[in-house]
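Colleague: Take me through this model, please. I want the criteria behind each term.

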2 protein chains.
Amino acid sequence: MRITALAGGIGGSRFLRGLLRAIPDAEVTVVGNTADDITLHGLHVSPDLDTVMYTLGDGVEESQGWGRRGDTSAVADELAAYGAEPRWFTLGDRDIATHLLRTRMLTAGYPLSAVTEALCDRWRPGVRLLPMTDDRVETHVVVAGDGDGQERAIHFQEWWVRLHAKVPARRIVLVGIEQAKPAPGVLDAVAAADVIVLPPSNPVVSIGPILSVPGVRDAVTVAGAPVVGLSPIIGGAPVRGMADAALTAIGVPTSAAGVAELFADLLDGWLVDSTDADAVPAVEAAGIRCRAAPLLMTDVDAAAAMARAALDLAEEVRAR
Amino acid sequence: MRITALAGGIGGSRFLRGLLRAIPDAEVTVVGNTADDITLHGLHVSPDLDTVMYTLGDGVEESQGWGRRGDTSAVADELAAYGAEPRWFTLGDRDIATHLLRTRMLTAGYPLSAVTEALCDRWRPGVRLLPMTDDRVETHVVVAGDGDGQERAIHFQEWWVRLHAKVPARRIVLVGIEQAKPAPGVLDAVAAADVIVLPPSNPVVSIGPILSVPGVRDAVTVAGAPVVGLSPIIGGAPVRGMADAALTAIGVPTSAAGVAELFADLLDGWLVDSTDADAVPAVEAAGIRCRAAPLLMTDVDAAAAMARAALDLAEEVRAR
């Protein structure tokens, strides 16, 4: 079975790990979000791609869901001793090796997709991992200025990591998105899929940018395969992260039904958590088959059960 | 007293540390060799500048004479796990922070001299440290090819670190030297010096490149200050490193007198080790005032005594 998933970082990775546990022989292509990418200390960091790679390659620091297992911070401590900015994003030592390789290959002229493939040669994540685009796209968040009344746009990571998404986002801007082209293989993977999955990733800043790459949303919409998604919102709050702040910025209610509506044009099926079963009728009224199931990824088995539920829903849609 | 020194890495740094101990209020400018510089994993590494900076800034790993004290190798281990080349040059984690900052600033357009000054803001080495040039110069070593009879030129670091200088060097080539300009301040520091010192650094690949930057050798020759040097060769062998292999490559005998002859056009005074006292007449016959003194830098005090002997010799020359 060919499954194509559009995935962000932690939530997407944990779901994908469950998917591989549930369907070991599935042929999975992951289209990863790269709009969170950021240049730090001259290094090209791709947080979401790395989280997928480390998680599926059994190298992730489980306690935080990102970064390398057991990583140290000798480089970061030394950069701090130099007074190097920014200080609000700490890169682990092992993680830096990944960024050094990526940056070196990008500087040498390789596209990010080729770099990602080379890095995956080591990690063998069990999926084909594609960046959404080889072009540079950056999510910027427009916030109120400091006292002077002027708005300013900051990199998503600064808003997320430094400001903990506590400063209200007035708008979210995907810098470079109009010029971006889907990376090689992305449209083919969407067109050839038996099932297209939207894991419980951040709908605004993870799945949103992927679908915003010109051509991707259309490809998903016209694809023959069922498109099923899993709500990242449970009981009116994000399972993790600060997805509510991002949803508020684009005027979408923080609810399982609200996110379904955001993707209404392309969703065939939507899974909500058991506690949100009351949202099912509203989602179905929008023409999306909706089922309730436990959506807390407490462990890999729980994630595998979610994957099975999503694929069952896809079958149900297909048989309709 | 204004002292200008042309220095390589370990030998130069240890001598300079002794010099600062001997004459704490000296105004010392160090013109550092940058022809050993190498790009590793996309990072601009300046081994000699860093060795001076770390040694005089009390951050050096004393046991090896270079690198950061107590450094770890998490990044290098991880790069090795990726199979990243080269494997023969291991960068420590703390050291990598220095290279990240340097590379970032160079990429942003700052010249190496400005970068070096910025790094020294933290290390406060007690000297003004200038790269010999802001232009890229690389020492390459021409060696016999592997079986095919074709010569090949390899970076000095590959010859030195990977091959341990055991493959005979046919020629030593300073790539880019003709186009190099002395870094800002270098010629002024030579012209304004009360004493010009050649520490016991490698005469071929450390002091040689500095003097080969167009304009530097002439400036040293015409400077009013006495030029005194210390032999890096004791008893026919280099004190450390593999200076003999480099000397052989340029046809200079591995002896205290041989090195003096290499610098005969600019030397006013030359210190040889006590065990090489028999070389004094030959050096003096070449018009260079020569004295014998203990030249083993067993500790900082020994290096300080060497510095005092060098400055005494400079006074002797000046009074002549």
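**Burial, size and sheet**

Modeller: Buried residues make up 59% of the 320 residues in chain A. This is a predicted model: local features need pLDDT of at least 70, side-chain atom pairs count only at pLDDT 80 or more, and totals for chains, interfaces and linings use all residues. Residues are numbered from 1 along each chain as its sequence is written.

Colleague: What makes a residue buried here?

Modeller: Buried means under 20% relative accessible area, exposed over 50%, partly exposed in between (1.4 Å probe, protein chains only). By that cut-off, 59% of chain A is buried.

Colleague: How do you know whether chain A agrees with a compact globule?

Modeller: The radius of gyration is taken over C-alpha atoms, and the globule rule is 2.2 Å times the number of residues to the power 0.38. For 320 residues the rule gives a value near 20 Å; chain A has 19 Å, so the two agree. The C-alpha atoms fill a box of roughly 60 × 50 × 35 Å along the principal axes.

Colleague: Why are β1 and β2 of chain A called paired?

Modeller: Two strands pair if DSSP finds at least two bridges between them. Strands are DSSP runs (E, at least two residues). β1 (residues 2-7) and β2 (residues 27-32) of chain A have six bridges, in the parallel sense. Ile3(A) stands opposite Val28(A) in β2(A).

Colleague: What is the strand order in the open sheet of chain A?

Modeller: Seven strands, paired in parallel, run β5-β2-β1-β9-β10-β13-β14.

Colleague: Why are β5 and β14 of chain A edge strands?

Modeller: β5 (128-131) and β14 (289-293) each have a single partner strand, so one side of each lacks a neighbour in the sheet.

Terms used
Chains are lettered from A and ligands numbered from 1 in the order in which they are written. Side-chain values use heavy atoms; hydrogens and water are left out. Helices (H or I, at least four residues) and strands (E, at least two) are DSSP runs, numbered from the N terminus.
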